[in-house]
Amino acid sequence: DTKIVDLFWQRDQTAIAQSDQKYGRYCYAIAYGILNCREDSEECVSDTWHKAWNAIPPEKPTRLQAFLGRITRNLALDRYGYYTAQKRNTHLETAMDEYWQCLPNGEMPVEDTAALKELINGFLGGLDQRSRVIFLRRYYYVCPVKEIAGSMGLSESYVSVSLHRTRNKFKEYLQKEGISV
């Protein structure tokens, strides 16, 4: 990853090809989980390389996979918002509605987003691996419960209950940290 980042810094276009080779499928999976459309997902991945090219430098990401994944996710969410301005995608809307119920009620100042990020990371770090994977796959990668259950060899009921319990733990954790939900 450091070699790829160095190629970006040197403005060497092989950085894009190497990023695509190493993280193309990962970025596609993120975009597809949100958009559920092959063509739009491929375009988001292509746009990811363009955004990364423009962001590096000045950025020098230490975790390239997370950096590229975040760019892809944001692009896919933007595209999703554009496409669904008049209609609803119940799969994504349901996941986002569940997640937003766990977050601060708007009283937290915008400047404290870094603090919120640290709290979320602290919460996730305290979960067992299975609960953390289920939570992230549902609310970061926006995977349907059925897909999570199938890929992890669990029942849909187990995944739903796990998500419900983890959301409740998350709310309690934030309230314990002095953030009203």
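Modeller: Happy to. One term to begin with: contact means heavy atoms within 4.5 Å. Also, this is a predicted model, where local features need pLDDT of at least 70, side-chain atom pairs count only at pLDDT 80 or more, and totals for chains, interfaces and linings use all residues. Residues are numbered from 1 along each chain as its sequence is written, and side-chain values use heavy atoms, with hydrogens and water left out.

Biologist: Good. Which residues does Thr 48 touch, not counting residues up to four places away in sequence?

Modeller: Thr 48 touches Cys 27, Leu 68, Ile 71, Thr 72 and Leu 75.

Biologist: And where does Thr 48 lie?

Modeller: In helix α3, which spans residues 38–55. Helices here are DSSP runs of H or I with at least four residues, numbered from the N terminus.

Biologist: Is Thr 48 buried or exposed?

Modeller: Buried, at a relative accessible area of 0%. The cut-offs are under 20% relative accessible area for buried, over 50% for exposed and in between for partly exposed, using a 1.4 Å probe and protein chains only.

Biologist: What does the side chain of Thr 48 reach?

Modeller: The backbone oxygen of Cys 44, at 2.8 Å.

Biologist: Switching to charges. How many salt bridges does a search of the whole structure find?

Modeller: That search gives 8. A salt bridge is a side-chain nitrogen of Lys or Arg within 4 Å of a carboxyl oxygen of Asp or Glu.

Biologist: Which residue forms a salt bridge with Asp 40?

Modeller: Arg 79 does, with the closest N and O atoms 3.5 Å apart. The pair links distant parts of the chain, since Asp 40 is in helix α3 and Arg 79 in helix α4 (residues 64–83), 39 residues apart. Both Asp 40 and Arg 79 are buried.

Biologist: What about Arg 79 and Asp 47, how far apart are the closest N and O atoms?

Modeller: Those are 3.5 Å apart, in another salt bridge. Arg 79 lies in helix α4 and Asp 47 in helix α3, so this pair ties together parts that are 32 residues apart in sequence. Arg 79 has 14% relative accessibility and counts as buried, while Asp 47 is at 27% and counts as partly exposed.

Biologist: Which residues are linked in a network of salt bridges?

Modeller: Asp 40, Glu 43, Asp 47 and Arg 79.

Biologist: Now the helix faces. Which residues of α9 are buried?

Modeller: They are Val 159, Ser 162, Leu 163, Thr 166, Arg 167, Phe 170 and Leu 174.

Biologist: Which exposed residues does the face turned away from the buried side of α9 carry?

Modeller: Arg 165, Glu 172 and Lys 176. After α9 comes Gly 178, with a positive phi near 85°.

Biologist: Last one: which residues of α1 are buried?

Modeller: In α1 (residues 2–9), Ile 4, Val 5, Leu 7 and Phe 8 are buried. They cover an arc of only 155° around the axis, which puts them on the same side of α1. Thr 2 and Lys 3 are exposed on the other side.

How values were computed
Helices (H or I, at least four residues) and strands (E, at least two) are DSSP runs, numbered from the N terminus. A polar contact is a pair of N or O atoms within 3.5 Å; within protein, one must be able to donate a hydrogen and the other to accept it, and residues adjacent in sequence count only if both atoms are side-chain atoms. The arc is that of the directions from the helix axis to the C-beta atoms.
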